[in-house]
Amino acid sequence: MTTVVEVKGLSKHYGRFTAVDDATFSIEENRVYGLLGRNGAGKTTIMNLLTAQAFASSGSIRVFGESPVENANVLDRICFIKESQTYPEEFKPKHVFASAPWFFPNWDAEFADRLVADFRLPLNRRIKKLSRGQLSAVGVIVGLASRAPLTFFDEPYLGLDAVARQIFYDRLLEDVGEHPRTVILSTHLIDEVSKLLEHVILIDEGRIIVDEEADELRGSETTVSGTSAAVDAFIAGREVLSRTGLGGLASVTVGRLDAAGRAAAAAAGLELSTVSLQQLIVRKTNVSEKEFEQSK
Amino acid sequence: MTAIAIPIQTNQTAPRRVLSVTRLHFVNKWQILYLPLLILAFIFLLDLAIWWLILTAQSSTHDRHSAEKGLNFTGSIFYIYVYVLIIAIQAVSRTFPFALGFGVTRRNYYLGTSAAFVGLGVVFSAILTAGSVIENATGGWGIGGHFFTTAYFHDGSWGLRFVIFLLLFLFAMFFGSAAASVFVRWKATGLTVFFGALALLLLGGGALITLNNGWLGFWGWFGEAGSLGVALWSLVPTAVAAIAGYFILQRATPKS
């Protein structure tokens with residue numbers, strides 16, 4: 001497996017504020033990554049650093065084996081779509097799609113046309129006059145049709161309705177299947193993209209707190225529910241991550257269950273359910289906050 | 001499903017990358033070419049109408065003659081320089097963040113943008129020069145009007161006029177792009193400081209001349225240098241702006 005991005009000890013300070021704090025991770029070729037975290041956690045800053053839009057305070061970044069800063073060989077293979085993308089004054093979507101092929105050697109105009117139809121994007125309307133969702137569609141279409149070997153989507157769906165978001169997820173999944181490439185998606189609609197993500201990097205207050213395969217992560221917690229007595233008996237000696245109860249019923253989240261654990265739960269008449277990626281992320285983020293408070 | 005790997009090596013060369021940025025500025029031709037020319041044509045027609053009204057209102061030949069003298073200075077052409085200045089500001093402040101999202105390096109962005117400015121300057125200068133040649137040939141459109149031939153340099157070969165038009169365009173564009181670079185890099189605060197510093201610099205220069213009783217010499221220099229000389233000297237601030245703009249953008253981060 002080839003590593004396309006390698007980040008070591010990366011930090012970015014804005015004055016006294018630390019946006020990214022000693023981050024170390026790598027990105028493997030031809031996979032879909034989720035860069036998750038709360039607002040202001042540092043997701044956009046990391047993307048800005050990897051695409052050389054911002055400059056690192058310390059640490060090293062290697063993209064396709066080289067520093068991306070002012071490196072045309074690297075940047076040629078990158079497409080960065082951000083929620084807040086500025087467009088040239090008086091541009092219309094047709095101008096964006098007309099110029100995109102000059103910058104993206106893999107641009108597929110036919111695919112772009114199909115996406116325009118899918119998203120019902122008016123090509124000849126000034127970008128200023130587009131709705132928020134249509135504006136997002138322009139970015140999404142560029143991100144998909146550019147087929148850049150390394151594509152960044154920074155919260156690309158703002159204002160897109162549920163149908164349009166589903167179109168985006170479906171087309172992305174299909175197209176990376178046919179034309180494998182590396183995609184880094186930052187989002188807080190975690191459950192929606194859960195199926196798409198192969199690897200998850202969770203960032204909180206500038207620090208990377210989870211860097212794991214999505215499948216691993218999904219199985220790492222299980223919710224056990226049943227009568228309080230049965231649940232209490234089952235969790236004895238196990239680490240409890242969270243607990244809710246109602247009358248004589250209880251629902252407890254525990255860590256990874258092995259086969260024996262599952263069998264024991266079944267025998268005790270308990271119901272097992274997997275914890276959604278979103279719930280998991282929410283809990284991990286909260287935990288890190290608590291630890292952070294304690295360390296102060 | 002067969003997996004088609006994406007080729008890693010691209011056939012992009014440095015000149016092609018620069019040219020792509022230049023083309024990007026011209027993709028919306030309406031905004032950068034047709035609209036300013038259309039407005040220029042409109043102003044020209046307005047001026048023609050005003051000249052005609054003024055001249056027909058004069059009863060005696062003597063009045064007509066003195067009115068014709070007044071037509072020597074319209075300054076309407078100044079509009080296109082202001083438009084070009086605004087184009088340059090918008091180009092850098094809005095196209096820079098866009099181009100970077102398309103994976104363009106700051107260096108290639110700047111080179112491509114500068115080429116676009118020079119290209120646009122050449123096109124506009126050629127049009128103004130052609131206008132001025134016709135204006136001379138037709139005796140000021142038949143009524144002694146001066147639109148393309150301003151008082152300062154209406155005698156002189158068409159080549160000379162072209163160079164002067166172009167040098168002034170280059171000044172407007174690179175000054176605009178330098179100011180926009182300051183904005184892109186340091187936002188409104190930077191722009192305030194920039195114009196504050198510029199005002200201080202001009203005031204300082206003015207004070208220096210005044211204290212040395214140098215105004216006579218200063219205006220005399222304008223006369224001596226001639227229109228071409230002055231235009232050539234504009235290359236100094238143009239070059240300073242162009243070089244400063246390059247280095248300012250080198251470390252700029254497009255902000256949302």
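In the predicted model, helix H7 of chain B bends by about 135° at B:Trp186. This helix covers residues 158-211 and has 54 residues. A straight helix would reach 80 Å at 1.5 Å a residue. The end C-alpha atoms of H7(B) are only 40 Å apart. H7(B) is followed by B:Asn213, and the phi of B:Asn213 is positive, near 50°.

Helix H8 of chain B, residues 215-233, also has a kink, of about 105°. The kink in H8(B) is centred on B:Gly226. Here the end C-alpha atoms span only 18 Å. At 1.5 Å a residue, a straight helix of 19 residues would span 27 Å.

From the N terminus on, the order of elements in chain B is accordingly α-α-α-α-α-α-α-α-α. Taken along the principal axes, the C-alpha atoms of chain B fill a box of roughly 90 × 55 × 30 Å.

Several helix pairs of chain B were examined for packing. Helix H1 (residues 14-26) and helix H5 (residues 106-137) of chain B cross at roughly 50°. Their axes come within 7 Å. H1(B) and H5(B) are therefore oblique to each other. Their crossing is right-handed. On the H1(B) side, the contact is made by B:Arg17, B:Val18, B:Leu19, B:Ser20, B:Val21, B:Thr22, B:His25 and B:Phe26. H5(B) contributes B:Asn108, B:Tyr109, B:Leu111, B:Gly112, B:Thr113, B:Ala115, B:Ala116 and B:Gly119. By class, the residues of this contact divide into eight nonpolar, seven polar and one charged.

H1(B) also packs with H4(B), at an angle of about 125°. The axes of H1(B) and H4(B) are 12 Å apart. This pair is therefore oblique. H1(B) passes H4(B) in a right-handed crossing. In H1(B), the residues involved are B:Val21, B:Leu24 and B:His25. They meet B:Ala91, B:Thr95 and B:Ala99 in H4(B). The contact of H1(B) with H4(B) has four nonpolar, two polar and no charged residues.

The crossing of H2(B) and H4(B) is right-handed. B:Ile32, B:Pro36, B:Leu40 and B:Ile43 in H2(B) meet B:Tyr79, B:Ile80, B:Tyr83 and B:Ile87 in H4(B). By class, this contact has eight nonpolar residues, no polar and no charged.

Chain B also touches chain A. In this interface, 35 residues of chain A are in contact with 34 residues of chain B. Four elements of chain A give two or more residues to the side that touches chain B. These are helix H2 (72-75), strand E5 (78-82), helix H3 (93-103) and helix H6 (162-178) of chain A. H3(A) provides the largest share of that side, five residues. By class, the side of chain A that touches chain B has 16 nonpolar, ten polar and nine charged residues.

Note on methods. Residues numbered from 1 in each chain as written. Chains lettered and ligands numbered in written order. Predicted model: local features only at pLDDT ≥ 70, side-chain atom pairs only at ≥ 80, totals over all residues. Expected span 1.5 Å × (residues − 1). Bend = angle between axes of the 7 residues up to and from the residue. Contact = placed C-beta atoms within 7 Å. Nonpolar A, V, L, I, M, F, W, Y, C, P; charged D, E, K, R; others polar. Axes fitted to C-alpha atoms, helices over the stretch in contact; angles between N-to-C directions. Parallel < 35°, antiparallel > 145°, perpendicular 65-115°, else oblique. Left-handed = near helix turned anticlockwise from the far one by under 90°.
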